[in-house]
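Welcome! Here is a short briefing to read with the structure beside you. Take the topics one by one and find each residue as you go.

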Amino acid sequence: MEEIRKLLETKQYTTLRQQMAEMNDADIAVIMEEMDETEMLKVFRILPKDLAADVFSYLEVENQQWIITSLSDREAANIIDNLMADDAVDLLEEMPANIVTRLLANANPETRRDINLLLRYPEDSAGSLMTVEFVDLKEDLTVEEAIARIRKVGLVSETINICYVLDAQRRLVGTITLRALLFGDPEERISDLMHENVISIHTLMDQEEVAAQFKKYDFISMPVVDNEKRLVGIITVDDIVDIMEEEATEDIEKMAAIMPSDKSYMKTGIWETYKKRIPWLLLLMVSATFTGQIINGFQDALSVCTVLTMFIPMLMDTGGNAGGQASVTVIRGLSLGEIEYRDTLRIVWKEIRVAVLCGLSLAAANFAKLMLFDRVGFTVSLVVCIALVAAIIIAKVIGCTLPILAKRVGFDPAVMASPFITTIVDALSLLIYFQIAKGIMGI
């Protein structure tokens, strides 16, 4: 950073250009992210045109917008033309309509066509993620002709490791690797070498399911087809890494009772952060009033045996934690495709057995503490420990079933995470506690 700033200040632009040309694209982007806007724009203008487009794709959206709006129409159009179509779409989706119109008006016809094609697909679908820069081959080509075509179109393709074989109607009929072509007989036909069992993705498949397909098959790229099985694009593994990070972040935010945001924490303002958090806090606060009403309903019992009050926080916290453990485990299993709705009974039975073991262990430890240290008496100790076991069983059953039911009816299972489940479990734990106390102690 210091060296680059020194070259900027002394206006040694040629030296700076040469040094940057030898660096990795992503590393240049990291350095630019640490600069102020003026320095960032200066460095970007110094970069060679082809390198500038590659570096641009690694920058944060806010910095991309700043640069693109600071460039002339011709400079901005050059950046758009040199970006991969999927990266260009990601940029344009975040920009105001008037700027998008200006950029598309100055882009070349091929770029404009590709971008308009991708913008037609729903957000977070495979069609919106794919790129249209790929190598397609006709099945009747020879190996020699195929290699000649790769040399012709491969430079502007996302990847050339896998080539896609099409019939006369552009339907996907097979794939062939570059390795197979390099070691194949020059006169051999592609149709004789290709793999016909092609695994593809539909344009409308959700991005979460797309990521699951990549995980299942360990591919570095997958073809995307329309209803007629015609090849319209490919998705590469670098896009999947971004999707998995995005989906994981979204689930974590929902599990913490925060409205999901597509911005990083440091890029999100105070007001926007407030708006993301306050709806769930209000909902949880209102729902927590039921706990207060339950305590109020048992005031007479508590006045007879006030010692019961001191164990309320412990029961509520333990039940909430037990429910949270079960819910997080099930939510993760659902997101990875390891758990289905048909597994509900097996999961409930498993969690009940785990809850019994956990409950008895905690109850034994708690009983010893109550008798030896707190000295509250056998009856009170018995009430607290029985209530503890019951609360843990109820909490784990609720914690494992609510996420599954949520997914079954079309909600995101992550919504049914610790904060929401804790509120329900708190109320039920208190009801169980007081009913057990009434039954055993007769209060």
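Predicted model: local features only at pLDDT ≥ 70, side-chain atom pairs only at ≥ 80, totals over all residues.

**Surface patches**

- Helix α16 supplies the largest share of the negative patch, with four residues.
- Glu 246 sits in helix α16, and its relative accessibility of 38% makes it partly exposed.
- There is also a nonpolar surface patch of about 460 Å², built from Met 371, Leu 372, Phe 373 and Phe 378.
- Helix α20 (residues 344–374) gives the most to the nonpolar patch, namely three residues, while Phe 378 belongs to helix α21 (residues 378–408).

**Salt bridges**

- The count of salt bridges comes to ten.
- One of them joins Arg 5 and Glu 39, whose closest N and O atoms are 3.1 Å apart. This pair links distant parts of the chain, since Arg 5 is in helix α1 (residues 2–9) and Glu 39 is in helix α4 (residues 37–46), 34 residues apart.
- Asp 226 and Arg 230 form another salt bridge, with 3.0 Å between the closest N and O atoms. Here Asp 226 is buried at 13% relative accessible area, and Arg 230 is partly exposed at 36%.
- Lys 369 pairs with Asp 374 in a salt bridge whose closest N and O atoms are 2.7 Å apart. Lys 369 is partly exposed, with a relative accessible area of 40%, and Asp 374 is also partly exposed, at 28%.
- Asp 136, Arg 149 and Arg 170 are linked in a network of salt bridges.

**Aromatic pairs and a close approach**

- How many aromatic pairs does a search of the whole structure find? The search finds six.
- Among them is the pair of Phe 134 and Tyr 164, which is edge-to-face, with 6.4 Å from centre to centre and 90° between the planes.
- Phe 134 lies in the loop between α11 (126–129) and β1 (136–138) and Tyr 164 lies in strand β2 (residues 162–166), so the pair ties together parts that are 30 residues apart in sequence.
- Ile 176, in strand β3 (residues 172–177), is buried with a relative accessible area of 1%. The C-alpha atoms of Ile 176 and His 195 are separated by 6.2 Å, although these residues are 19 apart along the chain.

**Backbone angles to look for**

- Most residues other than glycine have a negative phi.
- Asp 124 is not a glycine, yet its phi is positive, at about 70°. Asp 124 is found in the loop between α10 (109–119) and α11 and is partly exposed, with a relative accessible area of 30%.
- Arg 375 also has a positive phi, near 50°. Arg 375 is placed in the loop between α20 and α21 and counts as exposed at 67% relative accessibility.

Terms used
Residues numbered from 1 in each chain as written. Heavy atoms only, no water. Patch = residues over 30% accessible without salt bridge, like charges linked within 9 Å, V, L, I, M, F, W, Y side chains within 5 Å. Areas by Shrake-Rupley, 256 points an atom, 1.4 Å probe, with all protein chains shown as cover. Salt bridge = Lys/Arg side-chain N within 4 Å of Asp/Glu carboxyl O. Helix = DSSP H or I, 4+ residues; strand = E, 2+ residues; numbered from the N terminus. Buried < 20%, exposed > 50% of the residue type's maximum accessible area, 1.4 Å probe, protein only. Phe/Tyr/Trp six-rings, centres within 6.5 Å; stacked < 30°, edge-to-face > 60°.
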